[in-house]
Amino acid sequence: CAAGALANFEGPSARGRRADFSGCAAAFARIKVAAASGAGRGRMSITQQLLTLIPAIYDAALDFNQWLPVLERLATAFDGHTASLFQRDMVEGNDQVFGYGYSPEILATYLRQFPAHNMFAARVLAISPGTVETDRDVIEKDAFRRSEIYNNVMAKQLDTDSILTGLLRRQTDDVVAINVCRSMRAGDFDAKDKKAFRMLMPHLERSVAIATRLGTLHECIADGMALLDRAPCGAIVTDMSFRVLYANRPAEEMLQKGDGIAISAGGLRAATPALTARLRNIIAAAAQGDNGGAAALERPDNKGPIYAVASPVGTDFKLLQPGAHRVLLLVRDPLVMPNLPASYLQQLFGLTQAESGVAALLHKGLSLQQIAGKLGISSNTARVHLNAAMRKSGVHRQADLVGLLAGLPPVLVKSG
C-alpha cells in the first residue's frame, strides 16, 4: 500500500502531488490479523511471516542499520541461513555485499578474488527489476556444484547450495539485488518460494528507491551545510518565534560576540530595543511568506552597522511540514572582507607576487600608504605595483579595481 501511495511521486511531473495512504490502515490491520491468527496456531506460515516483515522493510528505507534484522527475518522465513543485499557499481565495476550470516573476512575474500566468476552477479544484468530466480534458473545444478565459486566460496565458506535472488534495481550506474541462501541440508528453493518472494518484491524495490532518494537528500544537505559553513557571510535559519534553528560558522561567531546581533531568552535581538523591533519585523514578514526585508543594525561601539536580509524558505504546502514558516537571515559585517588570497589573483590576472600582494591588501580596505607600510616598500613602489595590477586586470582606475575585486567569487575557507 505504501508503494502505491508513493507512486504518485515518480517522474518529473510529480510536483504538487500528494500521496494517498487511504488503504494503508486497512492493509496493516490485515497484517496484524494474519500475525495473530498464525500465532494462535503456533509457527506462522511463510506468507504470514512476510506480511509482518513489510513494515520493517520500510523502516529500513529510513535507517540502513534496520536492513540487518530484515535480512535475518527474511532468511528465517525462507529456511535460509544467510541473506544479503548485493550492489554492483556499473561505472567502476565494483561489488558491495551487505548481509546477515556472513563474516566480514569471507566477504572480503569473495570481493577480492571471485566477483568475475559469479554467474549470478552477471545474471542480474540481463533480467528486469522485480524478477525472482533461483540458482537453477541460471545454471544447471550439477554445473553449479562443479563451478569455482561454488567450491571455493559458496559450499566451502558459506555452506550454500541453493540461492534465491530478486532484482531490486537496474540503472545505468548500478544494479541492486537481494539474495537468500540455503545449505544443502535445507533443500532447493522451488516455485512456491519464488511465488512468496515475489509478494515482497514491490516493497523491497520501493524501500531501496526511498533509501536512495533519502541518501541523495542527505548528501545534498551535507554539501549545503559545508558550503554554508565556508560562506563569507553569516546565515541563520529562524522561525516566527525568532529562535535560532541553525547558524553557520560566521553567524555563530557574530552571535557569540554579540556585536550588533545576539541571542536572548526571547530569541534574536539587536543592540537596542528599536533595532530589535526592526530585525524582528523583517523576520516576521518573511515568515508570513512576504519578501521579508533588510535592516542595518547599528553596533554600540561606533564601528558601523552590520547588514541583515530576511527571506522566506520552505514550501507553500504546510501540511506535515515541521519547518513551516522558516526564515533565512543573511548577516554581513562590511568590515570583514571575503578571503581573497594573492595566489588567487595571480591565477586570474597573471599578476606577480608583489602585484597580487598590493591588490589583495587593497581589497581588504587599506590605503596605498598603509599597503606600503605593511609590505615595507615605498609609496612609489606600491603605486608601480598597483598600476601594473590595474593594467593586467583591464581597469583604469583604483576604484574600478576595488569594485572588480569585490565582485570576484570568494575563496571559501574550510570550517574548523
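Is aspartate 161 buried or exposed? Aspartate 161 is buried, at a relative accessible area of 3%. Here buried means under 20% relative accessible area, exposed over 50%, and partly exposed in between (1.4 Å probe, protein chains only). The model is predicted: local features need pLDDT of at least 70, side-chain atom pairs count only at pLDDT 80 or more, and totals for chains, interfaces and linings use all residues. Residues are numbered from 1 along each chain as its sequence is written, and side-chain values use heavy atoms, with hydrogens and water left out.

The structure holds 16 salt bridges (a side-chain nitrogen of Lys or Arg within 4 Å of a carboxyl oxygen of Asp or Glu). One of them joins the side chains of arginine 145 and aspartate 161, at 2.8 Å from N to O. This pair links distant parts of the chain, 16 residues apart. Arginine 145 sits in helix H8 (residues 141–146), and aspartate 161 in the loop between helix H9 (148–158) and strand E4 (162–170). Helices (H or I, at least four residues) and strands (E, at least two) are DSSP runs, numbered from the N terminus. Arginine 145 is partly exposed, at 29%. Both residues belong to a network of salt bridges that also includes Asp135, Arg136, Lys141 and Asp188.

Aspartate 239 lies in the loop between strand E6 (234–238) and strand E7 (244–247). Aspartate 239 is buried, at 8%. Its salt-bridge partner is arginine 243, with the closest N and O atoms 2.5 Å apart. Arginine 243 is partly exposed, at 49%.

Aspartate 400 forms a salt bridge with arginine 397, at 3.2 Å between the closest N and O atoms. Aspartate 400 is partly exposed, at 31%. Arginine 397 is exposed, at 53%.
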